[in-house]
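Dear colleague,

Please find below the structure that I am handing over to you. My notes on what was found in it follow directly after.

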Amino acid sequence: MRFVAAGCQHYEFGYYSAWRAIANENVDFIFHYGDYIYEGADIGAGVHTVYGKPFTAVRRHFGPEIYSLDEYRRRYAQYKMDPDLQAAHAAAPWLVSFDDHEVDNDWAGDTDQDGTPPDLFRMRRAAAMQAYYENMPLRASSLPDGSHMQIYRSFRFGDLMNTFVLDTRQYRSDQAYGDKEAPQGPDVWSPERTMMGAQQEEWLFNGLSNSETRWNLLAHQVMVMDLAHRKSAHSELLYSMDQWSGYMHSRNRLLQFIGDHCPGNVVNITGDAHRHYAGNLVIDRDKQKPVSVEFLATSISSGGDGVGDNDAHSQSVRRENPHLKATTDRRGYVICDVGRDVWRADLKTLDQVSRHDGQLSTYASFAVERGHPGLENA
């Protein structure tokens, strides 16, 4: 089996050359991990500072930040007019999940980033869910019920692979420490805080326990690796509070279950971070014994052209995290070839998305042998 993982396609930040390249790949399906649209207002003309870098929009959102059903529908229509995205939709079936920008940046459960009363936020979420359902290839079981949508579900491909699509937005606790990059204080480790919610976790654990396939794919939204970095050489270690590193009790329960019940045949595919990452998943940072692996697919366009793999963040995360095997700030996608005994992943990158003629290349390739969790260079 061969499939692509991709997502994060901010319309203003670049052209969809990666989707054109994906349309030309011979794949069985495409997993879109989320951020199909971005909810923000038109960025406006001129040079802006985005992610600490100067940036000029290559094209523009229509209208202000979106809240109503009509506005969400119009934003999907604007994105879907892109011919490269249309080509990717025509080329292969899609398995989809939403992340945050289909509703609002970094939302968590009934909480948004602006402190909106939950009742009002659920009204916005209901509009967003309805528009998402109308525009994505989803089962009838995912038909929204008010502000809720049943998005976690599974797919089986013979005896080769079970795919579990997770939902790490609707059931999670609010992010700790104001959703800022922070040290891992007591709230991060609290058993009262959850990433998946009890019902989804039970569904996943039962599915993994009863799986009879050669491989199990966990297809979800945000990074599982417990990735630390420093702002300067002697500053404190910081972690993302929006990723699994901000929900360590949930993260370690997941990895402990994988290690106890299905070691060596679980692969995680994630996104959201606008960079490629590939690494081993370890419970104990000191022992570095992997129980699974993760491929985090970079963005289609979000973040613009990028700066490669020698920037300060890349240097810091490589230095602080021996379980991390590769990272680069370029746009692209991950393509996976799943054999019965070996899983191969190629990290594809484009040198630019600010123009239509970006050049595609393979940044790194890794292999995982079934029964032996851990990445090897391929």
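A residue is called buried if its relative accessible area is under 20%, exposed if it is over 50%, and partly exposed in between, with a 1.4 Å probe and protein chains only. At 26% relative accessibility, Thr-116 therefore counts as partly exposed.

Two remarks on provenance are needed. The model is predicted, so local features need pLDDT of at least 70 and side-chain atom pairs count only at pLDDT 80 or more, while totals for chains, interfaces and linings use all residues. Residues are numbered from 1 along each chain as its sequence is written, and side-chain values use heavy atoms, with hydrogens and water left out.

Overall architecture

The protein chain contains eight helices and 16 strands; these are DSSP runs numbered from the N terminus, with helices being H or I of at least four residues and strands E of at least two. Its radius of gyration is 19 Å, close to the 21 Å that the globule rule gives for 378 residues, so the chain is as compact as a globular protein of that length. Here the radius is taken over C-alpha atoms, and the rule is 2.2 Å times the number of residues to the power 0.38. The C-alpha trace spans about 50 × 50 × 45 Å along its principal axes. Of the 378 residues, 59% count as buried. Among contacts (heavy atoms within 4.5 Å) with a separation of 6 or more, 69% come from residues 24 or more positions apart.

Aromatic rings

A pair of aromatic rings is described by the distance of the centres and the angle of the planes. Rings of Phe, Tyr and Trp (its six-membered ring) pair if their centres lie within 6.5 Å; planes under 30 degrees apart count as stacked, over 60 as edge-to-face and the rest as tilted. A search of the whole structure gives 17 aromatic pairs. One of them is the edge-to-face pair of Phe-3 and Trp-343, at 5.9 Å centre to centre and with 85° between the planes. Phe-3 lies in strand S1 (residues 2-6) and Trp-343 in strand S14 (residues 342-350), so this pair ties together parts that are 340 residues apart in sequence. Phe-3 and Trp-343 are both buried. Ring pairs also join Phe-3, Phe-29, Phe-157, Trp-215 and Trp-343 into a cluster.

Two arginines sit over ring faces: Arg-59 over Tyr-16, at 4.5 Å from the ring centre, and Arg-139 over Phe-155, at 4.4 Å. The criterion is NZ of Lys or CZ of Arg within 6 Å of the ring centre and within 35 degrees of the ring normal.

Helix H3

In helix H3 (residues 83-91), the residues Asp-84, Leu-85, Ala-87 and Ala-88 are buried. They cover an arc of only 155° around the axis, which puts them on the same side of H3; the arc is that of the directions from the helix axis to the C-beta atoms. The buried residues of H3 pack against helix H1 (17-23), strand S2 (29-32), helix H2 (69-80) and strand S5 (94-96). At the N-terminal end, Asp-82 caps H3, with a side-chain oxygen 2.9 Å from the backbone nitrogen of Asp-84.

Individual residues

For polar contacts, a pair of N or O atoms must lie within 3.5 Å; within protein, one must be able to donate a hydrogen and the other to accept it, and residues adjacent in sequence count only if both atoms are side-chain atoms. Thr-116, in the loop between S5 and H4, has such a contact of 2.6 Å between its side chain and that of Asp-112. Asn-135 belongs to helix H4 (residues 118-135) and is buried, with a relative accessible area of 18%. The side chain of Asn-135 reaches the backbone oxygen of Ala-131 at 2.8 Å. Not counting residues up to four places away in sequence, Asn-135 touches Tyr-76 and Lys-80.

Leu-160 is placed in the loop between strand S6 (153-157) and strand S7 (161-165), and at 13% relative accessibility it counts as buried. Leu-160 touches, among others beyond four places in sequence, Met-1, Trp-215 and Arg-340.

Cys-8 lies in the loop between S1 and H1 and is buried, with a relative accessible area of 0%. Asp-272 lies in the loop between strand S9 (266-270) and strand S10 (276-282) and counts as buried at 14% relative accessibility.

With kind regards
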